[in-house]
Amino acid sequence: QKGGYKHFMLKEIFEQPKVITDCLAGRINMQDMSVQLPELESLAAPKRLHILACGTSYHAGMWGKYLIESWARIPVSVEIASEFRYRDLILDEDDVVLSISQSGETADTLAGMRRAKEFGATIIGLCNVVGSSVAREADHVLYTQAGPEISVASTKAMCSQLVLLYLLAMHWGRQKKTLPDDVRDNAVKNILALPTVLETELPRLRTRATELSRLYSASHSFMYLGRGFQFPLALEGALKLKEISYIHAEGYASGEMKHGPIALIDPEFPTFALALHDELFLKVKSNLEEVQARGGRIIALTHPGLDLNVTDPWIIPELWGPLDSFMALSCLQLFAYEVADYLGKDVDQPRNLAKSVTVE
Ligand code: F6R
């Protein structure tokens, strides 16, 4: 069942190239480079979008916000479902709510959807499990096609959510004419090439994750830092590490370090940074210099040729635009996996956690 892998989590991380291919199947019309989302045919691009989710799905939603705002110029709020459901909400019939849930059974996400419905908002469900409650109760359903996810820690489901959010951003960007043709063409061409690139890289990424896990698994706390698209990934990296290895980890936007968290940094408190080649690289670099000045060790995911002097660089190939996130996500998942496995933890069934959280 585990296909030769030691754990389902590892198998599911390695399935991600196939998951991306499956998510894209039938979704792109190469004639006019358009995205095919017949599930949303009757729905115009929203004026305002509220994304509703929990845990890893919430991190996917945060990533989607950056892309949908940039490509489709739609204001997006991303809401933790357990907060949204009890807030004094301001919504009306023009609002669209996108509920993201792998299982489609998360109690808070479902309750949030139901509240949004009371205001007449339109609900899109983005879920993996066919026929789940989110799918049944949404007005429109997009399935992520990641296949069954057995490991409690979610990996390939998040990957599939990112693909669908990418397609949604393109779809609405086209409807609103906010996505320039050259960006659209690059977006299509590069995501179609992504599965092969990722498949080739994964074994190498795992080797580096294993090396680093040996160097860092004795740490009791970790700081994960990123900016822009890499900020939600920093949150996700920290969540993966804490849930399967039981090592305390905090995810932060790098620019927030100086507002308090930097006080934590000392030689015993390492940082896992996302320092990729984007428009915020120099800002991240200077944030990391502050960490180093306080003796903090740093693992940094970075790209070839960048001027970055850290304890343990993890150099990965540079991809086009937001697609870097897919490679970075795999690194974060593999690092958490290797640390947890090295420490002898029950990777697929971490303590105190359930695959779907059907209680409040
Ligand atoms: C983390 C994890 C959880 C889920 C969360 C939401 O690895 O699996 O944080 O992401 O419980 O679950 P779904 O997406 O099923 O609503």
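Figure 1. M33 is buried, with a relative accessible area of 17%; buried means under 20% relative accessible area, exposed over 50%, and partly exposed in between, using a 1.4 Å probe and protein chains only. This is a predicted model in which local features need pLDDT of at least 70 and side-chain atom pairs count only at pLDDT 80 or more, while totals for chains, interfaces and linings use all residues. Residues are numbered from 1 along each chain as its sequence is written, and side-chain values use heavy atoms, with hydrogens and water left out. Phi of M33 is near 55°, a positive value in a residue other than glycine. M33 sits in the loop that joins strand 1 (28-29) to strand 2 (34-35). Helices (H or I, at least four residues) and strands (E, at least two) are DSSP runs, numbered from the N terminus. R73 is not a glycine either, and its phi is positive, about 55°. Its loop runs between helix 3 (55-72) and strand 4 (76-80). R73 is exposed, at a relative accessible area of 54%.

Figure 2. Helix 7 covers residues 156-175, 20 residues in total. From first C-alpha to last it reaches 29 Å, close to the expected 28 Å at 1.5 Å a residue. The expected span is 1.5 Å times one less than the number of residues in the helix. Is helix 7 mostly covered or mostly uncovered? Mostly covered: 18 of its 20 residues are buried. K177 follows helix 7 and has a positive phi, near 55°.

**Figure 3. L282 in helix 10.** L282 belongs to helix 10 (residues 281-293). Its relative accessibility is 63%, so L282 counts as exposed. The C-alpha atoms of L282 and D307 are separated by 9.3 Å. Along the chain these two residues are 25 residues apart.

Figure 4. A pair of aromatic rings is described by the distance of the centres and the angle of the planes. Rings of Phe, Tyr and Trp (its six-membered ring) pair if their centres lie within 6.5 Å; planes under 30 degrees apart count as stacked, over 60 as edge-to-face and the rest as tilted. The whole structure holds twelve aromatic pairs. In one of them, the ring centres of W71 and W320 are 6.2 Å apart and the planes meet at 35°, so the pair is tilted. W71 lies in helix 3, and W320 in the loop between strand 12 (312-315) and helix 11 (324-342), so the pair ties together parts 249 residues apart in sequence. W71 is buried, at 7% relative accessibility. W320 is partly exposed, at 23%.

Figure 5. F222 and F335 form an edge-to-face pair, 5.8 Å centre to centre with 70° between the planes. F222 is in strand 8 (residues 221-226) and F335 in helix 11, so this pair links distant parts of the chain, 113 residues apart. Both F222 and F335 are buried. Ring pairs link Y216, F222, Y224, F272, W314 and F335 into a cluster.

**Figure 6. Two arginines over tyrosine rings.** The charged end of R297 sits over the ring of Y216, at 4.2 Å from the ring centre. The charged end of R351 sits over the ring of Y246, at 3.8 Å from the ring centre. A charge sits over a ring if NZ of Lys or CZ of Arg is within 6 Å of the ring centre and within 35 degrees of the ring normal.

**Figure 7. The largest pocket.** Its volume is about 600 Å³. Of its 27 lining residues, C54, G55, T56, K355 and V357 are the closest to the centre. A pocket is an open set of points on a 1 Å grid over the protein atoms alone, where a 1.4 Å probe fits, with protein on both sides within 12 Å along at least five of seven lines; lining residues have an atom within 4 Å of a point. Helix 9 (230-245) is one of the elements that each supply at least two lining residues. Helix 9 gives the largest share, four residues. By class, the lining has ten nonpolar, ten polar and seven charged residues. Ala, Val, Leu, Ile, Met, Phe, Trp, Tyr, Cys and Pro count as nonpolar, Asp, Glu, Lys and Arg as charged, and the others, Gly among them, as polar.

**Figure 8. The second largest pocket.** About 330 Å³ of space lies here. The lining has 18 residues, and F229, D278, E279, G321 and P322 lie nearest the centre. Helix 3 supplies the largest share of this lining, four residues.

Conventions: Grid points are joined across faces, edges and corners, and a volume is the space filled by probe spheres set on the points.
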